[in-house]
Amino acid sequence: MDALLSPSLGTMVWASIAFLVVLFIMRKFAWGPILQGLKDREQTIANALNEAEKARLDITNLKSDNEKLLQEARNERDALLREGRDLKEQIISEAKAKAKEEADKVTAAAREAIQNEKLAAMAELKSHVASLSLDIAEKVVRTHLADQENQQQLVTKLLGETDLN
Amino acid sequence: MIFRTINKTYFFTVFMLSVFGLNAGFAQEHGENPIHEIAEEVHEHEAEEGFKAGDYIIHHISDSHSIHFFGKESEGIPEVSIPLPVILWTNNGLAVFMSSAFHHDTEGKVVVESNGQRFVNFHDKIMYATATPDHHGSYAEVDEKHKPVGDMPIDFSITKTVFGMLLIMVIMILVFRSVAKSYTRREGQAPTGLQNAIEPLILFIRDEVAIPSIGAKRAPQFMPFLLTMFFFIWLSNMLGLVPFLGGFNVTGTIGLTIVLAGFVFILTSINANKHYWGHIFNPPGVPLGIKFILVPIELLGVFIKPSVLMIRLTANITAGHISILAFVSLILIFAQMMGTGMGYGVGVFSVAFMIFMFFLEFLVAFLQAYVFTLLAALYFGDATHEVHH
């Protein structure tokens, strides 16, 4: 049993040397790069996650910006449309007013012209009636002289012949 | 008669043992070995040629000068083993030779001459050979209790344990170097291959052991040590469970764990801050009289902590090996007592239990590496802990 429980000097010396050498080699050539690699990778992953989060926020911001822009554009369009409609109505109503005014003017002018024509026609008619009356009177006078009845007939006939227009 | 019975069950058992990585040299010494005293007592009244489970088990968990696969020369079965270099610091300077020079002898009967001196292997202890053999034909100088006596060369041999340790360390350097390369070559990318297998363990040590015990600020300083410790212990534990490999018992060897625990002790002590020593030599808020009692206890604790690490690891791993070997022994004991058939019958149950034990040992291999590393980290954390009053 003592071989199991008493450490052998040779084993201890070899174990010390070997362990120190391995510790040194492993520290320098294995654990160093491995632990550094792990750390770097963790850093990279953390950075990537942060960046992804940032990108997500950016996209959200961009989206809301887009939404705002779109809303603005929509508002502007609506404003433009409303303005156009207003303008159209204004133009139409103005045109209507103008046309009406023009028409009124034309009507008034026509009415005046008709009045004038009418007056002229009346004057002409008056003079025509006067001369016609004179003619008739002349003829009546002449016929009257011959026969009463003939005279009556003549007047009637003449009146029928006469177009008062 | 019994010997013949054993020979019959021998091949069956050799197969079992080879499968489970335990070498099958059946100890048939007659209790001359000092390390077999307990076994000797147990088997005192048994037949001379009987199978001695105690001897057998102790032999397999003890360190050796060769990696033994199977066979036993003294029973006429050719031995297959890898010889290892024997390196001795003698009174006359260095002596180096291969352990094969002993021709598998461990009874002190074969004398090897090197550097002008004569050596014998007496139960894997290299001793100076005596001028003439004793009545057993052994050149080893022993007292009446068969304990080796007298001057002995200092043994710096590459023993089975040292070889296993070096093997693990070479494997570690190769594996982790290649993993480290993939970290630098594929920087910032997802891990692949071996990297995938190793990374969770490294992260486990970092995030579950080092940082909670030491704190995020100081943990990186201890990470290389903790990682080396963890992987070395774990892989060594696993090496002891690999079949067909001669049954390494690296982490079950106290000479190794004493060194590992020693490094933990040294690192704890040199990194310890004023606060840590203050609590040991001048515990705050304790009456003067109590301090006389408390300080020695605290001081003792400084040494007990790493000692506990050492004993726990050795005991756990050795116990695992012993229990597996005990199930193997059961087959032979039953075969010896009640015949070969009984040996086969018990073998079925023994193998079932061995398989169970192996699974348990896989768990223990990891668990002990984890516990050792965790406690080392806790000690470091304790020593470097900054107080915030």
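Q: Which side chain does A:Arg41 meet in a salt bridge?
A: The side chain of B:Glu199, at 2.3 Å, N to O. A salt bridge here is a side-chain nitrogen of Lys or Arg within 4 Å of a carboxyl oxygen of Asp or Glu.

Q: Before we go on, what are the ground rules?
A: This is a predicted model: local features need pLDDT of at least 70, side-chain atom pairs count only at pLDDT 80 or more, and totals for chains, interfaces and linings use all residues. Residues are numbered from 1 along each chain as written, chains are lettered from A and ligands numbered from 1 in written order, and side-chain values use heavy atoms, without hydrogens and water.

Q: How many salt bridges cross the interface of chain A and chain B?
A: Two. Over all chains, the whole structure has seven.

Q: Where do A:Arg41 and B:Glu199 lie?
A: A:Arg41 is in helix 2 of chain A and B:Glu199 is in helix 5 (residues 193–214) of chain B, so the pair joins two chains. Helices are DSSP runs (H or I, at least four residues), numbered from the N terminus.

Q: How much area do chain A and chain B bury between them?
A: About 3,700 Å², with 79% of it on carbon and sulfur atoms. That is accessible area (1.4 Å probe) lost on putting the two parts together, summed over both. Chain A puts 35 residues into the contact and chain B 52; contact means heavy atoms within 4.5 Å.

Q: New topic. At what angle do helix 6 and helix 7 of chain B pack?
A: About 170°, with the axes of helix 6 (residues 219–239) and helix 7 (residues 254–271) 12 Å apart. Axes are lines fitted to C-alpha atoms over the stretch in contact, and angles run from 0 to 180 degrees between N-to-C directions. That makes the two helices of chain B roughly antiparallel, a label for angles over 145 degrees.

Q: Which residues make that contact?
A: Among them are B:Phe222, B:Phe225 and B:Met229 of helix 6, and B:Leu260, B:Phe263 and B:Leu267 of helix 7.

Terms used
Angles under 35 degrees count as roughly parallel, over 145 as roughly antiparallel, 65 to 115 as roughly perpendicular and the rest as oblique.
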